[in-house]
Structures are given as structure tokens and as C-alpha cells.
Amino acid sequence: MPSFPKISLAFISALFVSSLSFASTNAEELGVDALQLQRQIYQDNESQRYNVNSKSYQRIIDKLENYPLLPYFQQKQLRRNLALRNEDKIREFLETYNGTPVSFKLRAQWLDHLYISNKQNRFMQYYQPNLSNKLSCIAWQYQLKDGQNQDAIFNEVSKVWLSAKSQPDECDPVFKQWQEAGYQSVELTWQRMMMARQKRQYLLAKYLRKQLPKEEQYLLDLYKSIRQAPKRVAHLDKFKKQNLQEGLVLSYGLKRLVWQDEKLALAVFKKVQKQNRLTEAQRKSILSRLTVAAARSEESEVIRWYQSLSPALISDSAKQWQLAKELSEQDYSTFLNQLQQMSAEEQKDRQWRYWETRAKQKVNPDLDVSDAYQRLGKERSYYGFLAAARVGQQKSLNHQPLKIEDDLLNRLAQEDGARRAFELFAIEQLTPARREWDFWLRSLTEDEKLAAVQLAHNVGWHSQGIASLGKMGVLNDTDIRFPQPHQAIFNKFAKQYKVDVAWAYAIARKESIFMEDARSSVGALGLMQLMPNTAKNLAKKKLNNWNILQIDTNVKLGIQYLKQLLNRFDNNIVLATAAYNAGPGNVNKWLKAQPKLPADEWIETIPFKETRNYVKSVLAYTEIYQQKYHKGASPFKQLMTMEID
């Protein structure tokens, strides 16, 4: 597991030790810190199984009196002692900690036990919504049996049934009643079947097809055909009924066709609009994609249609593609004309302010645009740093530290939610720690939340500080938002591989916000978000996920990969950064597709929105780390003269 910073343990001890006492252990006589002793007792016993009615169990409870994680010990033991004879203890615990994260698992498992034991009345006494679909289905079944409001129940059942995945077997009885009551419409079945197919849940899709009337099953063959070849959506004669189900298939096909043939997609879209085949939501969804495709199109008919659109219909993504197209062609005059079509509010955006100034300078090299660059250069952002570099201006961090009273910090540190969250963090149980943190934060005022963020930063829980300030829109405390955890490790491997440590920190900050156990939806792991295969290739040995999550291993391999990318792309930080996010293969493909461009223009033409924004963020973060900690040279100075070829 990730190692815990020493300063954090000391800080947590200082915060919490005053509130601890022992019933049967004298910590002072043992010469150890009271919190550390209770922590050790907890860790030694949490995986053991005790009879909750035994004296040995009570002795542990006494030793853990006032320890923040005492309720977690009790919860784990009660889950190992699920029986009606222990109901009083379970009820007391659930009442004491009702609605808190420590209660959820016990309540769910207790409800399971009551269901298996056929204790309907007791089940409903303890039941709370949203614990799991399985438990909700059981509760609905009981409520229907007792004659409760059928419409209200079946409306909730519809939400659970409409899923791309199969639901628990316990839902089958209530689904059957819901179907028999006429709630499973053909439209709803089609919607779920398409969801299942798009998620590759083919067995579920096959099952749902059997529930469709025979006269509707032709649409599945049409859907499959369009999925294989989206141009087939143009054969509108195949859509004979003009009903809602056909609208779903049409919408699906058009959204796929947009990226293959925007001219044909536009023609079909115009036809189905005239025939009123689409819902308003479907029309807007298709239009948002079509405008993006049109913005980058070379087809004159599509271009004319795009230019005729109301500015309100053109999405930010479409505007970005239009800018990229004009930059690729170095058509700065057209860009300035397009800019005038945006609203006054949109033109205030940093991106458009920078590119307006840049385009004016390109169109008229003798024009003095230094004032515009200087105004933008006062802002801490990618475009602000670019603008400052253009005129040789000192880049501004605008650091404004949080100002929190000590009394408020001390009071919050003693709250039960805070004590549980920070102690779980201290023993590296990070997932339950985050649950406790989120639950605790919801109970706080805005000022208290800022104090909580300061506490998290003080103990080295940087991911929570960064994420919470971001959600609150409080962005100017650069100490909290851009910390330097694990300095010895980062410095060691940055020096070993001759990589700018500020850049390495910027990558980690963007990838994981320093969440040591971070796991992405595609399987990337740890601070540097390494893919397992990449990590194994770099290490040249077998590594399991636990190995890759180790901080020293993760940082070492991440920085090693950065060096590998720098070598591959001639020491170009822009290309190496893009490759870290999108892969070297995509970067090579973009290089072949684009003409030679200045670096700032090339960044704007990166086809993947995620990678485009990623590169901008990492470069800005690198600048911030270099300024804050006096490490390395500004990447923005390099960008002023860099060309990407």
C-alpha cells in the first residue's frame, strides 16, 4: 500500500490524542503515544472474529474507547455475527450511526439476512432506499404485497429496469408484476435493448428481443445493418411506421454517419426533420455532432449550411474545430471574422482573447498588441502564461492562501466525521476514508469546508484538498492546489532519468491529483496513472497491480516513461506530453496529418479534446511548479520559438 507521510501521522496524533482515553490500558506507563497504541490494537484485531457477546470482545471495545475507528471495529464484528439473537446490538449500532458511511455495509447485510430468514416486517423496519437494486426490489415486492401505491412503486421499478445490464434475480418477481401492469412499453423495451447492445450485453439484448411484438422485430435487423454500415440510414423507405422506435434507430444511425460522411448525414437530417421523425432531444443531440463535423468539413454545401446557422446553435466543440481548421490553413482573417459572430460574453474567454490578439498580430505584423497580451498575462492559466511569454512579462501565480482561524481548525478536527476520515487515511484505508470525507463535508458550511481542506492539506491528504477546492471554485491557494508530495522520490528519479521534476509533478497532478490508489476506467494505476502493460514493459519483469501502486515504483516507472517519450520525440515536451495521454502512435499520426505549425497552433489542432486540454493543463502546471519551487526553465519560453513538424 502507499506509504503515509511521517509528518501526517504526527499531525494527526497532535490533533486527536487529547480526546483519547483508555478503560483498561495505561498508555503513559507503556511509554507510547495513546493514538498510536489504539491504532495498533485496532489493526491487530480488525480482521479477527469475536463473539459480540463475549468478554474478550468487550475488552477490545474498552481498549478502543474514544478511538475514531471504534465504530468500524464494531461494524465488522457485527457483520460477522448476523443473527436474530444479536438484533438489539445491531439495531443500536444502526440507530447510532444511521446514514453515515460506517452503517451502510452492516445495514445491507442485515437486510439480506432478514430476507433469507423470511422476516418481512423486520426487513421493512430496517430498510432504507438506494442501498442496492436487489434490496430495493425486495422492498417493492413486500410493499406491493401489502397493497401500497402501485403507480409510485412501478415508476421507481421502471428506473431500475431500464439498465444496460441484467438486474439481480430478486428483481424478477417485481419486474413480472410491473410488466403485467402494462408498464413495459415497446418504446421502453427498444430503448433498453439498444442500451444493452451498445454496452455489448448481447445475451440481454437477445432476451429483450423476444419481448418485442413480432411486427417490431424488423427494426433490430435494421439496427444491426446500420451499426455495420451507417450509410444505410439514408434508406428512409425502410422506416415505414415513423414511430418512436424507428426514431431511436434513426437517431443512432445519424449520429454514427456524421463522422463518416457529414454531407450525407446533413441531407438525411434535413429530410427526417421535415418528416417530423425525431424528438426534440434527438434533434439536438444529432445537431450538436453535425455542427462539429461541419466545422471541420471541406464540403462546400456543408460549409454553407454551417455558416448559415445561428451562433446559438454552434457548440464550443464546433468553434474549436473551426479554429483548428483555420490555424492549420493559417487563415487568420477568416478566424477574426468568425470571432465576430460570437457573443460578447464568449469573446471574453481567455482562449478567444489570446487567439484574437495572435491573429491580429499575424494579419498585421506592425500592429502593437502588447497591451492585450499584458492584460491577459496577469491571469494564471495556459493562455495567460502564453500571453505573458509573448511580451516577456513575469508570469503571475496570483497566490491567495486560505485564511483559517486556529479555533475553527481545532473545533473541526475533533468532529467525529473528521476523526474517522483522517484516521482511515492514516492507516491507508483510502476508499472508506474518502466516503467519510465526502459525508462529513456535506454537513459543513462553506467556511468550514475551507477549514476542512486546510486540515487535509496539513496532514498530506492532497487529493482531497485539490478536489474539494476545485468543486468549490476556490482556485487561488496554489500551495494547496499544487503541493509537492513525496519530494525525495520525485527528485531522485527525475535526476536519475534527467527529466524536469516540475514537469513530472505536473503530469502526476493532472493524472491523479496525487491520489495514490487512483484507478482509471481503462485500468491506469497510481500517481502517474500507468497502464499495467506499460509498467511491465518498462520494468522488464512481471508486476501485479499492487506492485504498480507502490509509490516509489509508480513514480520511477512514470518518470522513466516520460524520458522514453522525450527521446522518441526529440526532447519535445509538447509531443511527449501529448503522447503520455494519447499514445505515441496517435501523436505520430497527427504529425503526418498536419503541416508545420508553431507550437501553440499545433496544440489547438490536436484532434482529441481530452489530449488537447491535457497538454494545456500540464504545460500550465509545469509553469506553476517551476515558479513556486524554482525548478527548471519555463516551458512557455520554449513555445515562443518552437515549431511542430
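The crossing of helices α9 and α11 is left-handed. Helix α9 covers residues 133–145 and helix α11 covers residues 172–180. Their axes come within 8 Å and cross at roughly 55 degrees. That angle makes α9 oblique to α11. On the α9 side, the contact is made by Cys-137, Trp-140, Gln-141 and Leu-144. On the α11 side, Pro-173, Val-174 and Gln-177 take part. Sorted by class, the residues of this contact are 5 nonpolar and 2 polar, with no charged residue.

The model that contains this crossing is predicted. The protein chain has 645 residues, and 52% of them count as buried. Its secondary structure consists of 40 helices and 2 strands. Taken along the principal axes, the C-alpha atoms fill a box of roughly 85 × 70 × 50 Å. Among contacts in the chain with a separation of 6 or more, 61% are between residues 24 or more positions apart.

A second pair of helices can be set beside the one above. Helix α32 spans residues 501–512, and helix α36 spans residues 573–582. The axes of α32 and α36 come within 12 Å and cross at roughly 30 degrees. Angles under 35 degrees count as roughly parallel, and the crossing angle therefore makes α32 roughly parallel to α36. The crossing of α32 with α36 is right-handed. Which residues meet there? From α32 come Trp-503, Ile-507 and Glu-511, and from α36 come Ile-573, Ala-576, Thr-577 and Tyr-580. The contact of α32 with α36 has 5 nonpolar residues, 1 polar residue and 1 charged residue.

Aromatic rings are the next topic. How many aromatic pairs does the count come to? The count is 32 aromatic pairs. One of them joins Phe-425 and Trp-461, whose ring centres are 4.8 Å apart and whose planes are 15 degrees apart. This pair is stacked, because planes under 30 degrees apart count as stacked. Phe-425 lies in helix α26 (residues 416–426), while Trp-461 lies in the loop between α28 (446–458) and α29 (462–472). The pair therefore ties together parts that are 36 residues apart in sequence. Phe-425 and Trp-461 are both buried.

Phe-490 and Tyr-505 form another stacked pair, with 4.2 Å from centre to centre and 15 degrees between the planes. Phe-490 belongs to helix α31 (residues 487–497) and Tyr-505 to helix α32, so this pair links parts that are 15 residues apart in sequence. Are these two residues buried or exposed? Phe-490 and Tyr-505 are both buried.

Ring pairs can also join into a cluster. In this chain they link Tyr-354, Trp-355, Tyr-373, Tyr-382, Tyr-383, Phe-385 and Phe-636.

Why does Gln-322 count as buried? Its relative accessible area is 11%, and buried means under 20%. Leaving aside residues up to four places away in sequence, Gln-322 touches Ala-295, Tyr-306 and Gln-338. Gln-322 and Val-292 are 30 residues apart in sequence, and their C-alpha atoms are 8.3 Å apart in space.

Methods. Residues are numbered from 1 along each chain as its sequence is written. This is a predicted model: local features need pLDDT of at least 70, side-chain atom pairs count only at pLDDT 80 or more; totals for chains, interfaces and linings use all residues. Side-chain values use heavy atoms; hydrogens and water are left out. Axes are lines fitted to C-alpha atoms, for helices over the stretch in contact, and angles run from 0 to 180 degrees between N-to-C directions. Helices (H or I, at least four residues) and strands (E, at least two) are DSSP runs, numbered from the N terminus. Angles under 35 degrees count as roughly parallel, over 145 as roughly antiparallel, 65 to 115 as roughly perpendicular and the rest as oblique. A crossing is left-handed if the near helix is turned anticlockwise from the far one by less than a right angle, and right-handed if clockwise. Contact means heavy atoms within 4.5 Å. Ala, Val, Leu, Ile, Met, Phe, Trp, Tyr, Cys and Pro count as nonpolar, Asp, Glu, Lys and Arg as charged, and the others, Gly among them, as polar. Rings of Phe, Tyr and Trp (its six-membered ring) pair if their centres lie within 6.5 Å; planes under 30 degrees apart count as stacked, over 60 as edge-to-face and the rest as tilted. Buried means under 20% relative accessible area, exposed over 50%, partly exposed in between (1.4 Å probe, protein chains only).
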